[in-house]
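We'll hop from one spot to the next.

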Amino acid sequence: MKIKRLKLSGFKSFVDPAELRIEPGLTGIVGPNGCGKSNLLEAIRWVMGESSAKSMRGGGMEDVIFAGTATRPARSFAEVTILTERPASEVIGPIGAANDGDVEVVRRIERGAGSAYRVNGRDVRAKDVSLLFADAATGAHSPALVSQGKISAVIAAKPTERRMMLEEAAGIAGLHVRRKDAEQK
Ligand code: ATP
Ligand code: MG
(Lines give C-alpha, C1' and ligand atoms only; values in the text may rest on other atoms or scores of the structure.)
(Ligands and ions follow the chains in the order given, each with its own letter.)
Protein backbone atom coordinates (compact mmCIF):
# COMPACT_ATOMS: atom_id res chain seq x y z
CA MET A 1 0.00 0.00 0.00
CA LYS A 2 1.31 3.43 -0.96
CA ILE A 3 0.28 6.72 0.64
CA LYS A 4 -0.31 9.30 -2.09
CA ARG A 5 -1.87 12.21 -0.25
CA LEU A 6 -2.78 13.38 3.23
CA LYS A 7 -5.29 16.15 3.93
CA LEU A 8 -5.85 17.72 7.33
CA SER A 9 -8.37 20.21 8.64
CA GLY A 10 -8.64 21.30 12.26
CA PHE A 11 -6.27 18.50 13.28
CA LYS A 12 -3.94 19.60 16.13
CA SER A 13 -1.86 22.58 14.92
CA PHE A 14 -3.21 22.26 11.32
CA VAL A 15 -6.18 24.60 11.84
CA ASP A 16 -6.49 25.58 8.16
CA PRO A 17 -6.96 22.87 5.52
CA ALA A 18 -3.54 21.52 4.51
CA GLU A 19 -2.56 19.00 1.88
CA LEU A 20 0.60 16.92 1.72
CA ARG A 21 1.36 15.12 -1.54
CA ILE A 22 3.73 12.21 -1.30
CA GLU A 23 5.49 11.72 -4.62
CA PRO A 24 7.42 8.57 -5.58
CA GLY A 25 10.83 8.43 -3.90
CA LEU A 26 11.84 9.72 -0.51
CA THR A 27 9.82 12.47 1.16
CA GLY A 28 11.35 14.49 3.98
CA ILE A 29 9.55 16.89 6.26
CA VAL A 30 11.72 19.53 7.85
CA GLY A 31 10.94 22.48 10.09
CA PRO A 32 11.68 24.11 13.42
CA ASN A 33 10.70 22.56 16.77
CA GLY A 34 6.97 22.60 17.32
CA CYS A 35 6.03 23.28 13.68
CA GLY A 36 3.93 20.09 13.45
CA LYS A 37 6.17 17.35 11.99
CA SER A 38 5.14 14.78 14.60
CA ASN A 39 1.51 15.91 14.25
CA LEU A 40 1.64 14.78 10.59
CA LEU A 41 2.74 11.27 11.56
CA GLU A 42 0.03 11.22 14.21
CA ALA A 43 -2.53 12.23 11.58
CA ILE A 44 -1.55 9.14 9.54
CA ARG A 45 -1.94 6.89 12.58
CA TRP A 46 -5.20 8.55 13.59
CA VAL A 47 -6.90 8.16 10.20
CA MET A 48 -5.87 4.48 10.24
CA GLY A 49 -7.97 4.03 13.37
CA GLU A 50 -5.75 4.83 16.37
CA SER A 51 -7.98 4.51 19.43
CA SER A 52 -5.53 5.45 22.17
CA ALA A 53 -5.59 9.16 23.06
CA LYS A 54 -2.37 8.69 25.03
CA SER A 55 -0.44 7.60 21.97
CA MET A 56 -1.73 10.77 20.26
CA ARG A 57 -0.12 12.74 23.13
CA GLY A 58 -3.55 13.80 24.45
CA GLY A 59 -5.70 13.21 27.51
CA GLY A 60 -8.83 12.44 25.47
CA MET A 61 -9.42 11.83 21.76
CA GLU A 62 -11.02 15.28 21.32
CA ASP A 63 -7.62 16.76 22.09
CA VAL A 64 -6.71 16.16 18.43
CA ILE A 65 -9.10 19.01 17.52
CA PHE A 66 -7.42 22.40 17.13
CA ALA A 67 -7.62 23.86 20.62
CA GLY A 68 -7.31 27.55 19.68
CA THR A 69 -4.56 30.12 20.21
CA ALA A 70 -4.44 33.72 21.42
CA THR A 71 -5.50 34.84 17.94
CA ARG A 72 -7.61 31.92 16.60
CA PRO A 73 -10.68 30.34 18.19
CA ALA A 74 -10.83 26.57 18.75
CA ARG A 75 -12.39 24.39 16.05
CA SER A 76 -15.39 22.13 16.61
CA PHE A 77 -14.12 19.24 14.48
CA ALA A 78 -10.99 17.67 13.04
CA GLU A 79 -10.81 15.73 9.79
CA VAL A 80 -8.00 13.75 8.18
CA THR A 81 -8.18 12.19 4.71
CA ILE A 82 -5.63 9.71 3.44
CA LEU A 83 -5.44 8.61 -0.18
CA THR A 84 -3.69 5.31 -0.70
CA GLU A 85 -3.10 3.08 -3.65
CA ARG A 86 -3.07 -0.64 -3.20
CA PRO A 87 -2.28 -3.39 -5.62
CA ALA A 88 -5.11 -5.83 -6.35
CA SER A 89 -3.00 -8.62 -4.81
CA GLU A 90 -3.47 -7.00 -1.39
CA VAL A 91 -7.24 -6.82 -1.61
CA ILE A 92 -9.05 -9.10 0.84
CA GLY A 93 -12.54 -9.09 2.32
CA PRO A 94 -15.80 -7.34 1.47
CA ILE A 95 -14.56 -3.77 1.99
CA GLY A 96 -11.26 -4.49 0.28
CA ALA A 97 -12.82 -6.13 -2.77
CA ALA A 98 -14.73 -2.96 -3.61
CA ASN A 99 -11.63 -0.87 -3.12
CA ASP A 100 -8.70 -1.98 -5.20
CA GLY A 101 -6.73 0.81 -6.79
CA ASP A 102 -7.21 4.13 -5.01
CA VAL A 103 -8.65 3.96 -1.51
CA GLU A 104 -9.63 7.17 0.25
CA VAL A 105 -10.22 6.93 3.98
CA VAL A 106 -11.67 9.86 5.96
CA ARG A 107 -11.90 10.10 9.74
CA ARG A 108 -13.73 12.99 11.35
CA ILE A 109 -14.23 13.78 15.02
CA GLU A 110 -16.68 16.34 16.35
CA ARG A 111 -16.77 17.62 19.92
CA GLY A 112 -19.28 15.53 21.85
CA ALA A 113 -20.04 13.28 18.86
CA GLY A 114 -17.03 10.95 18.57
CA SER A 115 -15.38 9.68 15.38
CA ALA A 116 -16.92 8.73 12.04
CA TYR A 117 -15.18 6.98 9.14
CA ARG A 118 -15.72 6.84 5.38
CA VAL A 119 -14.01 4.63 2.82
CA ASN A 120 -14.37 5.82 -0.79
CA GLY A 121 -17.40 7.87 0.26
CA ARG A 122 -19.20 5.09 2.16
CA ASP A 123 -19.82 5.20 5.92
CA VAL A 124 -17.98 2.35 7.64
CA ARG A 125 -17.14 1.20 11.17
CA ALA A 126 -13.81 1.84 12.90
CA LYS A 127 -13.20 -1.90 12.77
CA ASP A 128 -13.57 -1.98 8.98
CA VAL A 129 -10.87 0.67 8.65
CA SER A 130 -8.53 -1.19 11.03
CA LEU A 131 -9.02 -4.39 9.03
CA LEU A 132 -8.47 -2.61 5.73
CA PHE A 133 -5.05 -1.43 6.87
CA ALA A 134 -4.18 -4.61 8.81
CA ASP A 135 -4.71 -6.67 5.65
CA ALA A 136 -2.25 -4.41 3.85
CA ALA A 137 0.32 -5.07 6.62
CA THR A 138 0.04 -1.54 7.95
CA GLY A 139 -2.15 0.45 10.35
CA ALA A 140 -2.03 2.64 13.44
CA HIS A 141 0.30 0.22 15.25
CA SER A 142 2.45 -0.69 12.29
CA PRO A 143 6.15 -0.88 13.13
CA ALA A 144 6.64 1.11 9.91
CA LEU A 145 5.39 4.20 11.79
CA VAL A 146 8.07 5.04 14.29
CA SER A 147 7.16 7.89 16.63
CA GLN A 148 9.74 10.13 18.24
CA GLY A 149 11.47 8.27 21.10
CA LYS A 150 9.83 4.92 20.28
CA ILE A 151 13.00 3.05 19.22
CA SER A 152 13.78 2.22 22.85
CA ALA A 153 10.22 0.91 23.28
CA VAL A 154 10.88 -1.76 20.61
CA ILE A 155 14.07 -2.83 22.35
CA ALA A 156 12.35 -3.00 25.75
CA ALA A 157 9.18 -4.74 24.47
CA LYS A 158 7.98 -7.94 26.15
CA PRO A 159 7.99 -11.11 23.99
CA THR A 160 4.18 -10.96 23.52
CA GLU A 161 4.40 -7.32 22.41
CA ARG A 162 7.23 -8.17 20.04
CA ARG A 163 5.13 -10.99 18.60
CA MET A 164 2.30 -8.50 17.94
CA MET A 165 4.74 -6.22 16.08
CA LEU A 166 5.89 -9.14 13.91
CA GLU A 167 2.31 -10.17 13.18
CA GLU A 168 1.41 -6.64 12.14
CA ALA A 169 4.48 -6.47 9.90
CA ALA A 170 3.51 -9.81 8.32
CA GLY A 171 -0.04 -8.57 7.64
CA ILE A 172 -1.79 -11.28 9.68
CA ALA A 173 -2.96 -9.08 12.59
CA GLY A 174 -6.44 -8.83 11.00
CA LEU A 175 -6.87 -12.60 11.30
CA HIS A 176 -7.07 -12.42 15.12
CA VAL A 177 -9.94 -9.92 14.92
CA ARG A 178 -11.79 -12.15 12.45
CA ARG A 179 -11.23 -15.24 14.64
CA LYS A 180 -12.61 -13.42 17.69
CA ASP A 181 -15.64 -12.39 15.62
CA ALA A 182 -16.18 -15.94 14.38
CA GLU A 183 -15.93 -17.37 17.91
CA GLN A 184 -18.62 -14.96 19.15
CA LYS A 185 -21.08 -15.95 16.40
P1 ATP B 1 9.91 18.73 17.32
O2 ATP B 1 10.90 19.13 16.26
O3 ATP B 1 10.19 19.40 18.63
O4 ATP B 1 9.72 17.25 17.44
P5 ATP B 1 7.44 18.88 15.80
O6 ATP B 1 7.63 19.60 14.50
O7 ATP B 1 7.37 17.40 15.80
O8 ATP B 1 8.52 19.40 16.87
P9 ATP B 1 4.79 18.73 16.88
O10 ATP B 1 5.03 17.99 18.13
O11 ATP B 1 4.23 17.98 15.71
O12 ATP B 1 6.10 19.48 16.45
O13 ATP B 1 3.81 19.96 17.11
C14 ATP B 1 3.64 20.49 18.35
C15 ATP B 1 2.76 21.73 18.21
O16 ATP B 1 1.41 21.34 17.94
C17 ATP B 1 2.77 22.53 19.51
O18 ATP B 1 2.99 23.88 19.18
C19 ATP B 1 1.38 22.32 20.05
O20 ATP B 1 0.91 23.44 20.73
C21 ATP B 1 0.58 22.10 18.78
N22 ATP B 1 -0.65 21.36 19.06
C23 ATP B 1 -0.80 20.07 19.47
N24 ATP B 1 -2.08 19.75 19.66
C25 ATP B 1 -2.79 20.87 19.36
C26 ATP B 1 -4.18 21.20 19.38
N27 ATP B 1 -5.13 20.32 19.72
N28 ATP B 1 -4.53 22.46 19.03
C29 ATP B 1 -3.60 23.37 18.68
N30 ATP B 1 -2.28 23.12 18.63
C31 ATP B 1 -1.88 21.90 18.98
MG1 MG C 1 8.41 15.91 16.76
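This is a predicted model: local features need pLDDT of at least 70, side-chain atom pairs count only at pLDDT 80 or more; totals for chains, interfaces and linings use all residues.

Residues are numbered from 1 along each chain as its sequence is written, and chains are lettered from A and ligands numbered from 1 in the order in which they are written.

Start with ligand 1. Around it sit 15 residues (C-beta, placed from the backbone, within 6 Å). Pick the closest: Asn33, Lys37, Ser38, Asn39 and Ala67.

Next, select Phe11, Ala43, Val47, Val64, Val80 and Val105, which touch the most other members of the largest nonpolar core, a set of 30 residues. Such a core joins buried Ala, Val, Leu, Ile, Met, Phe, Trp, Tyr and Cys residues through C-beta atoms within 7 Å; buried means 20 or more other C-beta atoms within 10 Å of a residue's own. Helix H3 (126-135) is among the contributing elements, and its five residues are the largest share. Helices here are DSSP runs (H or I, at least four residues), strands likewise (E, at least two).

Now color strands S4 (101-110) and S5 (114-119): they pair antiparallel over six bridges, where pairing takes at least two DSSP bridges. Glu110 bridges to Gly114, and Gly112 in this hairpin has a positive phi near 80°.

Last stop: S5 and S6 (122-124), antiparallel over three bridges. Tyr117 faces Val124, and Asn120 in the turn shows a positive phi of about 45°.

Note on methods
A residue is buried if 20 or more other C-beta atoms lie within 10 Å of its own, exposed if 12 or fewer, and partly exposed in between; C-beta atoms are placed from the backbone.
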